[in-house]
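Here are a few notes to read alongside the model. Keep the picture open and follow the points one by one.

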Amino acid sequence: MAEQVSQWEAPRQHGIEISQAQRIAKDGFIDAIGKTPLIRMKRLSEETGCEVLGKAEFQNPGGSVKDRAALYVVEAAEKAGVLREGGTVVEGTAGNTGIGLAHVCRSKGYKLVIYMPNTQSQGKVDLLRLLGAEVYPVPAVAYDNPENYNHQAKRHAENMDNAVWTNQFDNTANRLGHLETTGPEIWTQTGGKLDAFTCSTGTGGTLAGVTRYLKTKSDGRVKCYLADPPGSVLYSYISSGGHLTERSGSSITEGIGQGRVTDNLKPDIDLLDGALHIADEKSIEMVYRCLDEEGLYLGASSCLNVVAAKEVAEKLGRGHTVVTILCDGAYRYADRLFSRKWLEEKKLLGAIPKHLEKYIVLT
């Protein structure tokens with residue numbers, strides 16, 4: 001029998017070695033966050049003559065890269081003594097940070113209160129409530145308006161005992177999570193043999209933390225680039241050498257794009273080697289390409305990152321290794337990304353190659 005088991009294990013030895021390295025997540029959900037694989041994008045690697053690699057953050061237990069930030073901001077509050085047993089976490093978020101916080105708070109026994117713009121889908125509200133959060137959809141107003149959902153979240157926490165506003169945009173524990181985990185994982189998985197890193201930014205934590213680590217570890221050799229969607233000001237800020245323009249326009253991507261330099265991004269923005277502006281048409285085409293060519297069911301923000309990685313690879317030339325972040329899957333966005341009506345409303349139907357229209361299965 002032992003010999004038979006050995007025969008089964010032999011073809012999968014690599015997987016067994018990885019399992020041994022990861023061991024058991026003894027602290028439950030939070031101990032399973034991170035340690036995600038790098039996936040080689042086969043078709044894009046062949047096209048560019050480079051190794052194009054995506055960090056599979058959709059494999060985090062809460063389904064996105066934001067699990068890392070959620071864990072770090074909560075544990076920072078615990079270490080500071082402002083969040084104690086039975087306490088309440090409050091955040092303003094329209095997306096994956098709220099979902100990550102919901103999972104982390106349940107695993108640690110905290111209550112969670114979420115403020116979000118009332119422009120978000122009912123599905124997001126329902127999911128957060130299903131995960132145990134108390135949710136307040138409020139009118140969508142600009143950040144400088146005191147009724148902005150982030151400011152309402154802050155006031156809510158200030159009016160409670162044993163409560164903390166985690167302030168994901170300017171709480172640098174977010175950045176620290178990527179400096180201490182995502183960056184080192186990427187470096188180790190590539191054996192330090194990477195030439196460039198690129199990703200988009202919402203709070204700035206992922207881009208800043210990973211950039212700082214890779215720049216430090218490689219003594220500045222690894223090139224790092226911001227990938228920016230329409231409606232964000234950071235592309236023009238970096239390209240112009242620090243001139244902050246007025247925000248205008250919008251994008252189909254969610255959770256990324258910014259109208260200011262956050263405290264998470266501020267310490268590391270000068271380390272960036274440049275920025276890429278990625279049109280929605282390119283992002284939506286890549287959603288369908290990744291599904292068809294790679295078998296990867298990714299959201300629009302992930303696919304914007306993939307487009308950016310492809311363009312960086314083309315910029316550097318053949319023989320280089322470029323890494324990006326696959327933020328989350330398409331599961332939470334399928335009713336739009338694969339809806340003919342939605343694509344027509346956004347004037348994006350024409351961006352999808354004819355042979356890939358077979359994936360538009362929703363009306």
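1. A word on terms before we start: Ala, Val, Leu, Ile, Met, Phe, Trp, Tyr, Cys and Pro count as nonpolar, Asp, Glu, Lys and Arg as charged, and the others, Gly among them, as polar. Also keep in mind that this is a predicted model.

2. With those classes in hand, look at the second largest pocket. Its lining splits into 9 polar, 7 nonpolar and 4 charged residues. The space inside comes to about 430 Å³.

3. Who sits around this pocket? There are 20 lining residues, and Ile18, Lys35, Thr36, Pro37 and Gln189 lie nearest the centre. At least two lining residues come from each of α2 (13-22), β2 (51-56) and α8 (173-189).

4. Now for the sheet. What is the order of its 4 strands? Read across, this open sheet goes β5-β4-β3-β6, with parallel pairing. Strands β5 and β6 (163-165) are at the edges with a single partner strand each, so one side of each has no neighbour in the sheet. On average, neighbouring strands here are turned by 15° against each other, direction ignored.

5. Zoom in on β4 (residues 111-117). Its parallel pairing with β5 (residues 134-138) runs over 5 bridges, and Val113 stands opposite Glu134 of β5.

6. Helix α5 (residues 96-108) lies across β3 and β4, at about 170° to β4. Helix α7 (residues 149-158) lies across β3, β4, β5 and β6, at about 165° to β3.

Definitions and conventions:
Residues numbered from 1 in each chain as written. Predicted model: local features only at pLDDT ≥ 70, side-chain atom pairs only at ≥ 80, totals over all residues. Heavy atoms only, no water. 1 Å grid on protein atoms, 1.4 Å probe; cavity = no way out; pocket = protein on both sides within 12 Å on 5 of 7 lines; lining within 4 Å. Points joined across faces, edges and corners; volume = space filled by probe spheres on them. Pairing = 2+ DSSP bridges. Axes fitted to C-alpha atoms, helices over the stretch in contact; angles between N-to-C directions. Contact = heavy atoms within 4.5 Å.
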